[in-house]
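Morning, everyone. Please look at the sequence and the structure on the screen, and then I will walk you through some of the contacts.

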Amino acid sequence: MEQVMQITLACVVAALLAVVVRKGAPEAALLLGLAAAVAALLALTGSLRELMNFFTELTARAGVANEIFLPLYKTVGIALVVKIGTGLCKDAGAAALASAVEIAGAVCALLAALPLLEKALDVLLELMG
């Protein structure tokens with residue numbers, strides 16, 4: 001809880017500074033937003049590592065193959081990257097680029113989930129046959 005409050009406060013302060021700077025130097029405002037996003041992600045590395053360790057242990061204890069959960073983790077990671085990238089593109093006033101990032105994210109998420117879709121198809125074909 002404390003970490004999310006600190007990150008939120010830092011991002012709000014960066015956003016307010018960006019608003020002040022935007023009139024005189026829009027490029028600096030965008031760089032400020034990018035720096036705040038990178039700093040927020042770096043602040044989360046320890047928590048993300050702890051979360052991944054938990055999911056690895058959970059997968060091992062459940063006796064489920066890691067190849068089933070790995071596409072899920074990749075898809076979540078893709079969604080997070082796309083969310084930040086889209087926001088930065090919109091901040092820069094590049095709505096078309098934000099849309100391209102969203103489309104690329106959807107394609108990459110489907111590709112990451114492809115092994116799960118193939119397994120689901122195999123199970124369905126096995127049940128039918």
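**Two helices side by side**

Helices α4 and α5 are roughly antiparallel to each other, because that label goes to angles over 145 degrees, while under 35 is roughly parallel, 65 to 115 roughly perpendicular and the rest oblique.

Before I go on, some ground rules. This is a predicted model, where local features need pLDDT of at least 70, side-chain atom pairs count only at pLDDT 80 or more, and totals for chains, interfaces and linings use all residues. Residues are numbered from 1 along each chain as its sequence is written, and side-chain values use heavy atoms, with hydrogens and water left out.

Back to the pair. Helix α4 covers residues 66-91, and helix α5 covers residues 95-128. Helices here are DSSP runs (H or I, at least four residues), numbered from the N terminus. The two pack at an angle of about 175°, and their axes are 9 Å apart. The axes are lines fitted to C-alpha atoms over the stretch in contact, and the angles run from 0 to 180 degrees between N-to-C directions.

Which residues of α4 meet α5? On the α4 side, they include Glu67, Ile68, Pro71, Leu72, Ile78, Val82 and Cys89. On the α5 side, look for Leu97, Gly105, Cys108, Ala112, Pro115 and Lys119, among them. Contact means heavy atoms within 4.5 Å. By class, this contact has 15 nonpolar, four polar and five charged residues. Nonpolar takes in Ala, Val, Leu, Ile, Met, Phe, Trp, Tyr, Cys and Pro; charged is Asp, Glu, Lys and Arg; the others, Gly among them, are polar.

Take one residue from that contact. Thr86 lies in helix α4. Is Thr86 buried or exposed? At 7% relative accessibility, Thr86 counts as buried. The cut-offs are these: buried is under 20% relative accessible area, exposed is over 50%, and partly exposed is in between, with a 1.4 Å probe and protein chains only. Leave aside the neighbours within four places in sequence, and Thr86 is in contact with Ala98, Val101 and Glu102.

Leu110 is found in helix α5, and at 56% relative accessible area Leu110 is exposed.

**Rings**

Next, the aromatics. How many aromatic pairs does the structure hold? Three. A pair of aromatic rings is described by the distance of the centres and the angle of the planes. Rings of Phe, Tyr and Trp (its six-membered ring) pair if their centres lie within 6.5 Å; planes under 30 degrees apart are stacked, over 60 edge-to-face, and the rest tilted.

Take Phe54 and Phe55. Their ring centres are 5.7 Å apart and their planes are at 55°, so this pair is tilted. Phe54 is partly exposed, at 46% relative accessible area. Phe55 is also partly exposed, at 26%. Step back, and ring pairs link Phe54, Phe55, Phe69 and Tyr73 into a cluster.

**Charges**

On to charges. Side chains of opposite charge can pair when their charged atoms come close. A search of the whole structure finds one salt bridge. The term needs a side-chain nitrogen of Lys or Arg within 4 Å of a carboxyl oxygen of Asp or Glu. Which residue forms a salt bridge with Arg61? It is Glu57, with the closest N and O atoms 2.9 Å apart. Both sit in helix α3, residues 45-62. They are four residues apart, so about one helical turn separates them. Glu57 is partly exposed, at 40%, whereas Arg61 is exposed, at 70%.

**Last stops**

Two more residues. Val38 is found in helix α2, residues 26-43, and is partly exposed at 41%. Val38 and Val12 are 26 residues apart in sequence and 14 Å apart in space, C-alpha to C-alpha. Finally, Gly129 is found in the segment after α5, and Gly129 is exposed at 91% relative accessibility. The C-alpha atoms of Gly129 and Leu58 are separated by 33 Å, and the two are 71 residues apart along the chain.
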